[in-house]
Amino acid sequence: MIEMKNVVKKYPNSVVAVKGLNIQIKQGEFVYIVGPSGAGKSTFIKMMYREEKATSGEIKVNGTDLTTLKDREIPFLRRNMGVVFQDFKLLPRKNVYENIAFALEVIEKDPEEIKKRVMDVLKLVGLTKKVKMFPDELSGGEQQRVAIARSIVNSPKVVIADEPTGNLDPETSWEIMRLFDEINARGTTIIMATHNKDIVNTMRKRVIAIENGQIVRDERGGDYGYEF
Ligand code: ADP
Ligand code: ADP
């Protein structure tokens with residue numbers, strides 16, 4: 001469960017990116033965040049995993065109050081959250097296996113358990129054959145699959161994705177979206193900022209539209225609603 005009350009984010013340059021957001025997202029929901037460039041979608045998303053701190057207001061994620069969370073406690077928050085980015089953010093000098101195991105090694109000490117969990121998520125994303133490859137040997141779609149595997153290897157309650165298909169062709173974007181849908185079907189909350197009109201209009205999930213730092217629309221089974 002994610003809850004925001006009157007959340008405001010003012011950057012040091014005085015830009016007010018988010019102007020009083022109120023939102024509740026229940027465990028297991030699939031939510032698209034849409035809206036024009038510069039509307040505040042990334043800022044909204046970054047506050048959920050404490051990449052950015054709210055200037056005022058209240059943010060709770062699975063019972064943790066992010067407004068009072070100490071910086072040194074952030075790793076504990078992130079263990080229950082996976083994050084997926086437009087540019088994948090894989091570690092270039094680690095292979096597929098290591099990129100995923102890396103997220104577990106800080107927590108799980110038993111090497112056999114690590115191996116089992118890495119191979120399980122690799123199977124889910126369909127990449128067991130590429131386990132020893134390096135990111136630059138993979139296609140964009142495959143790299144995003146690795147990033148998704150990494151995001152779920154800790155069995156988080158929530159996966160947050162900021163334009164995860166922004167660098168991918170339409171067919172690959174669909175494959176990635178089906179993967180998110182499958183992860184959601186297993187009970188994981190998915191929150192995704194996207195400009196992919198075709199996908200949003202086909203999937204018919206909850207759609208939250210943000211414009212100028214404010215929520216202007218929040219619909220179940222909603223559509224994309226913009227021409228771009
Ligand atoms: P979106 O993801 O919808 O494109 P952003 O959250 O990235 O929107 O940006 C919202 C507003 O905040 C924009 O005016 C942007 O220029 C500004 N902004 C974003 N990040 C920063 C930052 N680190 N410092 C200052 N201003 C920022
Ligand atoms: P760095 O500071 O070099 O980015 P980190 O240890 O912070 O290294 O993160 C390792 C990798 O995992 C980076 O590519 C980073 O972008 C990514 N990452 C950071 N936080 C998360 C998260 N909560 N979920 C998934 N990946 C993350």
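Q: Which residues lie nearest the centre of the largest pocket, and how many residues line it?
A: The largest pocket is lined by 21 residues, and Arg78, Met81, Ala103, Arg150 and Asn154 lie nearest its centre. This is a predicted model, in which local features need pLDDT of at least 70 and side-chain atom pairs count only at pLDDT 80 or more, while totals for chains, interfaces and linings use all residues. Residues are numbered from 1 along each chain as its sequence is written, chains are lettered from A and ligands numbered from 1 in the order in which they are written, and side-chain values use heavy atoms, with hydrogens and water left out.

Q: What makes a space count as a pocket?
A: On a 1 Å grid over the protein atoms alone, a pocket is an open set of points with protein on both sides within 12 Å along at least five of seven lines, whereas a cavity is a set where a 1.4 Å probe fits but cannot get out; lining residues have an atom within 4 Å of a point. The largest pocket has a volume of about 570 Å³, and its largest share of lining, 4 residues, comes from strand E6.

Q: Why is the contact between Lys9 and Glu52 called a salt bridge?
A: The closest N and O atoms of Lys9 and Glu52 are 3.4 Å apart, and a salt bridge is a side-chain nitrogen of Lys or Arg within 4 Å of a carboxyl oxygen of Asp or Glu, so the pair qualifies. Lys9 lies in strand E1 and Glu52 in the loop between helix H1 and strand E4, so the pair ties together parts that are 43 residues apart in sequence; helices (at least four residues) and strands (at least two) are DSSP runs, numbered from the N terminus.

Q: Why is Arg186 called exposed, and what is its salt-bridge partner?
A: Arg186 counts as exposed because its relative accessibility is 59%. Arg186 forms a salt bridge with Glu182, the closest N and O atoms being 3.4 Å apart, and Glu182 is partly exposed at 37%.

Note on methods: Buried < 20%, exposed > 50% of the residue type's maximum accessible area, 1.4 Å probe, protein only. Points joined across faces, edges and corners; volume = space filled by probe spheres on them.
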